[in-house]
Amino acid sequence: MTLALKNVVRRAGGQTHIHETSIALESRGFNVLLGTTLAGKTTLMQLMAGLVPPSSGEIGFDGRNVTGVPVQKRNVAMVFQQFINYPNLSVYENIASPLRVARLRDATVAERVARIAELLQLTPFLERRPAELSGGQQQRTALARALVKDADLVLLDEPLANLDYKLREGLREELPRLFADRSSTVVYATTEPAEALLLGGHTATVHEGRITQYGPNGTVYRHPVDLTTAQVFSDPPINTAEVVKRGDTIRLSERVSWTAAGSLRALPDGAYTIGLRPHHVLPATGRGGVQVDCTVLIAEISGSESVVHFDLGGLTWVSLSPGVHTFKVGETARFELDVASCLYFGPDGARVAA
Amino acid sequence: MARIRIEHLRHSYVPRPAREADWALKEVDLEWADGGAYALLGPSGCGKTTLLNIVSGLLRPTAGRIFFGDADVTASPPGERNIAQVFQFPVVYDTMTVYDNLAFPLRNRGVPEARVDPRVREIAALLDLAAMLPQRAAGLTADGKQKISLGRGLVRSDVNVIMFDEPLTVIDPHLKWRLRSKLKELHQRIGITMIYVTHDQTEAMTFADQVVVMHEGTVVQVGTPVELFERPRHTFVGHFIGSPGMNILPCRLENGVARFAGVAIPTANATTKTPNGARTEIGVRPEFVRFASAGIPVRVAAVSDAGRHQIVETRHGDTVIRLLLDERDQVPTVAAHVSFDTAFTRLYVDGWLAG
């Protein structure tokens with residue numbers, strides 16, 4: 001199924017929730033809406049589902065205008081962060097309910113329920129009622145019910161947000177596989193950049209009611225069109241700083257500068273903003289990059305990685321490096337900036353050069 | 001302030017526990033030093049919240065004792081334990097200003113206003129709430145309210161311990177980084193014992209000096225983040241900590257040498273005696289696996305882009321072996337070999353680190 005939003009605007013209560021948006025989603029694919037809470041992800045999904053009408057613009061399924069068609073008449077499955085189950089039905093019947101509505105044969109129902117229950121680790125609980133399950137198990141039951149039917153459009157609004165870390169890790173791997181051999185178009189909203197990357201497929205970055213970019217997620221991540229997109233798609237947050245280009249020199253501060261390379265040289269002289277992700281800022285080993293001496297603010301070790309927050313001329317920057325590097329708060333330490341990985345943005349926020 | 005000691009603690013929600021499975025906490029012995037930063041980490045149902053509720057006095061344990069310093073507090077109600085708690089969802093008085101919310105725990109204890117004011121301003125400054133002090137709490141966003149909750153937990157300087165129950169679950173990732181580092185900074189500044197309950201390994205590992213890993217009602221390992229990462233005592237710890245978790249490969253022992261797929265795998269530890277029928281496994285984290293010209297033959301099954309690195313899933317038969325590559329590295333297209341860094345390759349017998 002192809003889903004397209006054409007010049008869609010959504011206003012409610014005197015506020016614009018979605019500014020004019022046009023997007024054609026990858027059909028039969030996994031599409032991620034990535035953005036912070038209140039960015040507009042849920043409103044976009046409600047528009048796609050037909051739960052709320054656009055104030056102007058058009059929504060098309062397979063080229064058909066469905067703008068006025070209510071949610072019941074669109075073949076849509078939805079899972080929202082707050083799950084709902086039928087309290088008086090067993091877990092099995094909860095999952096089977098959309099298939100019963102579709103009047104499928106018992107054998108087909110049994111097979112489909114068994115498969116999805118296994119995937120979501122619900123097999124031991126099929127005979128129980130929702131109230132006898134833990135919160136996580138209840139959420140997985142609701143997720144199973146949405147996934148068990150073959151909907152044209154599957155909308156998943158932060159469906160893993162309340163689940164345990166390890167369970168999320170497993171489901172994040174399994175979900176795209178589950179849809180790989182189906183014709184459903186999936187839209188998945190998350191606040192987490194790492195989740196967007198690992199789910200594969202395409203990502204639309206959403207910020208303050210606008211989709212800032214849409215494309216294959218590796219492309220959006222590595223080649224953001226503007227600073228906002230880069231910020232939305234970075235965890236830990238991307239480091240930023242104002243720089244001045246003059247001739248072949250990019251200058252961040254009196255003591256920190258480097259030589260412009262490649263297509264950067266063609267940029268007009270002037271002020272720019274750079275973005276450099278924390279894993280491109282490492283404790284200095286002398287291997288290369290621009291060396292900076294800074295005061296350590298906070299040092300965290302996660303076991304496999306070290307995170308150091310430091311003061312770079314009044315800015316708080318973050319370094320993320322593999323392995324264990326111990327630093328004392330307040331000490332001066334040397335870091336190296338992999339400036340070849342810097343993203344450059346113009347005064348309007350749009351990315352310039354490579 | 002006090003050292004906290006937990007002795008032979010057992011708890012069951014069943015009136016007459018008979019089977020092992022009836023115990024939510026099977027046998028817990030722990031000691032928390034005064035002023036330390038600790039995390040209780042485990043999946044839901046592991047017993048971490050039960051343990052937290054017993055320490056705070058909301059639950060009376062079925063067996064065992066708890067000491068704050070030398071005082072046995074097992075039977076003391078929460079009010080007498082002098083504890084501050086921060087919960088998953090914000091606990092804030094909407095009709096009060098941010099200032100009054102922060103001052104509440106102090107005023108409630110009869111602290112004179114002359115001492116309330118500087119403390120409220122100090123905590124507000126640390127949490128970047130200073131500019132909002134005169135505002136009503138009602139108008140704030142969810143994470144603004146959670147910051148007030150944190151502030152209310154931190155404002156009293158006379159508590160024995162501050163306990164956090166999944167305090168950042170509802171917070172957006174961008175802000176999570178900030179708040180986590182704030183908490184760490186606050187801990188370094190105020191030096192009160194903090195216990196942080198979470199299922200999120202990143203939160204536990206970055207916050208705590210010592211992490212208590214729980215699984216099915218028992219403590220499987222207490223250690224620094226580095227110890228848990230480099231030397232998991234149990235395959236559960238190896239799996240639960242790290243993303244992706246540790247690779248666990250079934251192996252056979254021949255003359256004390258582990259073999260997998262007919263290949264001898266040198267390990268950092270060894271065992272002399274293995275009970276008959278024991279399950280023997282090799283544990284090695286994806287960080288310590290690399291492609292090599294010789295070793296275990298594998299095929300590349302999947303590659304995921306995790307941004308700063310690629311997660312490569314390889315398979316030998318049914319056994320999955322994952323490894324990490326730099327984002328710029330080339331992944332072999334089909335068949336390849338993998339080898340392990342011996343210093344971080346360990347032998348496990350029945351799930352536990354051998355030797």
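Reader: Hey, quick one: are helix 3 of chain B and helix 5 of chain B oblique or parallel to each other?
Author: This is a predicted model, by the way. The axes of those two helices, residues 113–126 and residues 173–190 of chain B, come within 10 Å and cross at roughly 140°. Helix 3 of chain B and helix 5 of chain B are therefore oblique to each other.

Reader: Okay, and which residues make the contact?
Author: From helix 3 of chain B you've got Arg119(B), Glu122(B) and Leu126(B). Helix 5 of chain B brings Lys182(B), Glu185(B), Leu186(B), Arg189(B) and Ile190(B). By class, that contact has 5 charged residues, 3 nonpolar and no polar ones.

Reader: Switching to chain A. At what angle do helix 2 and helix 3 of chain A cross?
Author: Roughly 130°, with the axes coming within 10 Å. That makes helix 2 of chain A oblique to helix 3 of chain A. The crossing of these two helices is right-handed.

Reader: What classes of residue are in that contact?
Author: It divides into 8 nonpolar, no polar and 3 charged residues. Among those that meet are Ile95(A) and Leu99(A) in helix 2 of chain A, and Val109(A) and Ile116(A) in helix 3 of chain A.

Reader: Now the two chains together. How many residues of chain B are in contact with chain A?
Author: 39 residues of chain B, and they touch 39 residues of chain A. The area buried between the chains is about 3,300 Å², and carbon and sulfur atoms give 52% of that.

Reader: Which residues in chain B lose the most area to chain A?
Author: His174(B), Trp177(B) and Arg308(B), which together account for 22% of what that side buries.

Reader: And how many salt bridges are there between chain B and chain A?
Author: The count is 7. One forms between Arg328(B) and Asp338(A), where the closest N and O atoms are 3.1 Å apart.

Reader: Someone mentioned cis peptide bonds. Which residues does one join in chain A?
Author: Asp235(A) and Pro236(A), with omega about 0°. Pro236(A) sits in the loop between helix 8 and strand 11 of chain A.

Reader: What about chain B, which residues are joined by a cis peptide bond there?
Author: Ser243(B) and Pro244(B), again with omega about 0°. You'll find Pro244(B) in the loop between helix 8 and strand 11 of chain B.

Conventions:
Residues numbered from 1 in each chain as written. Chains lettered and ligands numbered in written order. Predicted model: local features only at pLDDT ≥ 70, side-chain atom pairs only at ≥ 80, totals over all residues. Heavy atoms only, no water. Axes fitted to C-alpha atoms, helices over the stretch in contact; angles between N-to-C directions. Helix = DSSP H or I, 4+ residues; strand = E, 2+ residues; numbered from the N terminus. Parallel < 35°, antiparallel > 145°, perpendicular 65-115°, else oblique. Left-handed = near helix turned anticlockwise from the far one by under 90°. Contact = heavy atoms within 4.5 Å. Nonpolar A, V, L, I, M, F, W, Y, C, P; charged D, E, K, R; others polar. Buried area = accessible area lost by both parts, 1.4 Å probe. Salt bridge = Lys/Arg side-chain N within 4 Å of Asp/Glu carboxyl O.
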